[in-house]
Amino acid sequence: MALLEVENLSMGYHTQKGYLHAVEDVSFSLEEGKSLGFVGESGCGKTTLGMALMRLLPPNGVIREGRMLFDGADLLQKSDEEMREIRWQKIAMIFQAAMNALNPVHRVHEQIAEAILTHNASLDKKEAFEQVEELFQLVGIPRDRMRDYPHQYSGGMKQRAIIAMALACKPRLIIADEPTTALDVIVQDQILKEIMSLQKEFGISMIFISHDISIVADVCHDIGIMYAGKLVEHGSREEVFSNPAHPYTKALLSSYPTLTGEKSRLMPIPGETPNLIHPPSGCRFRDRCPAAKAACKTGEAVWFETSPRHKTLCYQCGADCR
Amino acid sequence: MSLEKSHKRHLKKFPWMDRLRGGWTIYKRNLLGRIGLSLLVMFALMAICSFIPPLIDPMYQPMTGVDPEITKSTGPSLRHWLGTDFMGRDILSQLLAGARVAFLVGVSAAFMSIVLGTAIGMVAGYMGRLVDTLLMRLADMIMVMPTMLVVLMLAALFGQLTIWTIVLIIALFRWPGVSRVIRAQTLSLKHRPFIEAARVAGASHTRIIFRHIMPNVLPLSFLYMTFRVTSAIIIEAALAFLGFGDPSTVSWGMMLQWVWKTGHMFKAPYWLLPPGICISLITLAFYMLGRAMDEVLDPRLRKEAGTE
Amino acid sequence: MELWKYIGRRLIQIAIIFFVIITVLFLLFRLAPGDPVSRMVDPDMTPEDAEHLISQLGLDKPLGMQYLYYLKNFFTGNFGESFHYGQPVIEIIWARLPNTILLFTTAIILAALVGVFLGKIASWHKGKTTDTLMTIGALVTHTVFLPWLGLILIWVFAYKMDWFPITGMLSEEVWLDPDAGIFARLLDVLHHMVLPLTTLFLVHFGSYLLIMRSSMLETLKEDYIVTGRAKGLSEKVIRNHHAAPNAALPVVTAVGLSLAFSINGGALTETVFTWPGIGRELVMSVSQNDYPLAQACFLLIAIVVLISNLVVDTLYAYLDPRIRY
């Protein structure tokens, strides 16, 4: 049985202008020890999905339907008390370093120790700090920087600290939300390698959220492409990368320059993302899709399987999609 | 937004018109703002009505009115709705006159400090470097001083102060707050394309400041005026209360001084309560107004539900 | 270490500002209409004493020299003699200073602590009755006219209910009684302090409450709050341990910014309650044309304001590690 199974999950936000359909009817599963990456432009719902998995949506956010089965139990049925125990201990999150993820008035090691002590009351402070030391060693932060405040850390160090914090309770699943955005390329590379080795070493399952498909392809076994709140393509990275089926995926891939391979023109994707408060009928990508047909406006979405592990959500099935 | 639209925005020199309209809509929704405005309207009416009593009968003159039949402090009656003070003068007409003085003092002091603060803020922001540093240091020093006590010292040296001197001194001590905000705004405007364009066209600094920066900064000034008004009224009231007000002006603070100094504090609630309530309420009104203005000025404070 | 450097820098700034104030005061005294000599020398003095004082204060010398004398006198604590009391000014203000500090600091600190505490609670219950009541209460007390509030409190609690004394800081019987111990004397002062303290406290805590409340609401939107929730912390821990320390910082800033206004309030409170402090002394000396005393009181108040600003700024630097490190 998979560690995480999400079925028909839909969620959104109540705004002054109406209900915003942030995520619509998303289903996927994640095996133990594997990593799944979600790629999409901003506003596609990937961050919302990540937050929802830990039930951390803001007060105006609501999960309308679906099931989130973690280790067989539906997280949506859990009480607040139960969720608090699950959070960090079973499922942890790696935030963007660029965010204010660490409290500026408390020392870094205290904040990590706090995570440890919350879920393991039998430890005392000294033991918790010892564990923090080990974690720091693991992620490569010098010991003498442990007692510093967050603002004294560089971007890369902050990211490492956040990773260390996520590992603190040895969770089974880590959700990494844009962990390398806003870092310079060299540091980005280091962090990614770090994440990959940690994942292998501890066998942690991972959900990796990014707008950059090249990073996700590097790090994850499987990739899910999201557009306007819907999951439009899902498969192993090799298949999605070398054999993209959905027009959006194809457009995404061709908008990135490559060092190897033949030189081809970069194709930006024309148009804008649709309004999610009043989403368009039918396929949400139809206004920007080069292969759009009349049926895309009214047709029913069907999952088309290019291979057992590779499926695409497109209104036109069959050979036309390729 | 298409390229054309954003281009037009840059050339538009008076975007504040739209902001003003938008601001009014937001303002109308705010409960505090509505209450504040209603209170202020009430006081304004009081101020206007202050001219009426002396016209009815000279004994209702707040300062010099003498009731032939009453020469001491009496409670409310048909003749004198709020009673009389220790000299037999009508308390209600004093109260109405006080409203007039409060507005006068508040608005003039606020206005003067706005003029000063805007001018200094613009110059400091636009000139930058030494001028800026000097002016802002001056502003810092002035902000530290307790205004009321400074006026006291000046009263000691220059004798009894008139209401206008008091207003002027208050304005001289309230401009730093305004200048900071205006300076920040000027700094952000300084690098806008239309300013660059004016500079390239050969406009002198003065011309740029007054013809180009000022119109964009002025609405902000006026909005901030609401904050200045309260403190001016309170300072004048406090000074009058201590006995340093203008003896020829009937203000609420002066009324409190009379109640206090003539020992009627405990005996005449009809005299003690109204002026204090008025000062407190008008302060409350302007405070609420200021908070509503806050929402207009700072979009982050608006009650819009967020989106992810 | 960083903190000491910061304090050092601020002390220099304060010294400069104070210097400017002294100079301005000096010029005002000399240049204001009327005879400057009559401002420093009691007209009721005998001619010989007057001569002596004039030469001591350097009033017969040119302006430049006078300025130096002025500074020298300031630093040696020679402020002349009070016209009204006939005593050296320095003795009078020295006796008054502790009273002001006692009343003022207690009131402001209490107002800040209570304001922060209640503001935090108000933000928890945003929109509900508790919050509405607290917000209205804060608004009302914050905008009430301070001297008038004082008078009302005296009227109700001292005059009508006779719970507290009407004026002053001490009861003569207690203090003149040789058998009365320290404790009885302390209690007496505290008894007298209740009403003025309440007045000063009420007028200030409201604004701190409102600031803390909106600060908390802002802070709760921060990313590290989400981190806290993700870590599985309880809401209580998040609010008290993570949000409140950050939210309290703007309150500290607000205390600093409003110090000038608070000092005004302090002087008014002292006057209404006949509390023998520096503020009241200033007011009285001005109305009695006791120039030496008035000048000294004013300078002392200026020092108090500047030092208070320094204390508040240092406190902020201490509480916010981003400044210290």
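The exercises below work through a predicted model with chains A, B and C.

Residues are numbered from 1 along each chain as its sequence is written, and chains are lettered from A and ligands numbered from 1 in the order in which they are written. Because the model is predicted, local features need pLDDT of at least 70 and side-chain atom pairs count only at pLDDT 80 or more, while totals for chains, interfaces and linings use all residues.

**Exercise 1. Describe the make-up and overall form of chain A.**

Step 1. Helices (H or I, at least four residues) and strands (E, at least two) are DSSP runs, numbered from the N terminus. Chain A has ten helices and twelve strands.

Step 2. The radius of gyration is taken over C-alpha atoms, and the globule rule is 2.2 Å times the number of residues to the power 0.38. For the 322 residues of chain A the rule gives 20 Å, and the radius of gyration is 20 Å, so chain A is as compact as a globular protein of that length.

Step 3. The C-alpha trace of chain A spans about 65 × 50 × 40 Å along its principal axes.

**Exercise 2. Describe chain C and the surroundings of its helix 10.**

Step 1. Chain C has 15 helices and zero strands, and its C-alpha trace spans about 80 × 50 × 40 Å along the principal axes.

Step 2. A residue is buried if 20 or more other C-beta atoms, placed from the backbone, lie within 10 Å of its own, exposed if 12 or fewer, and partly exposed in between. Of the 325 residues in chain C, 40% are buried.

Step 3. In helix 10 (residues 223-230) of chain C, six of the eight residues are buried, among them Tyr224(C), Val226(C) and Arg229(C).

Step 4. Those buried residues pack against strand 6 (91-94) of chain A together with helix 11 (235-257) of chain C. Just after helix 10 of chain C, Gly232(C) takes a positive phi of about 90°.

**Exercise 3. Describe the side of chain B that touches chain C.**

Step 1. Two residues are in contact if their C-beta atoms, placed from the backbone, lie within 7 Å. In these terms 30 residues of chain B meet 32 residues of chain C.

Step 2. Helix 7 (147-158) of chain B is one of the helices that supply at least two residues. Its share of nine residues is the largest.

Step 3. Ala, Val, Leu, Ile, Met, Phe, Trp, Tyr, Cys and Pro count as nonpolar, Asp, Glu, Lys and Arg as charged, and the others, Gly among them, as polar. This side of chain B has 25 nonpolar, five polar and no charged residues.

**Exercise 4. Find where confidence in chain B is lowest and highest among its elements.**

Step 1. pLDDT is the predictor's confidence in each residue, from 0 to 100. Chain B averages 81, and 86% of the residues score at least 70.

Step 2. Helix 1 (residues 3-11) of chain B has the lowest mean pLDDT (50), and helix 11 of chain B the highest (93).
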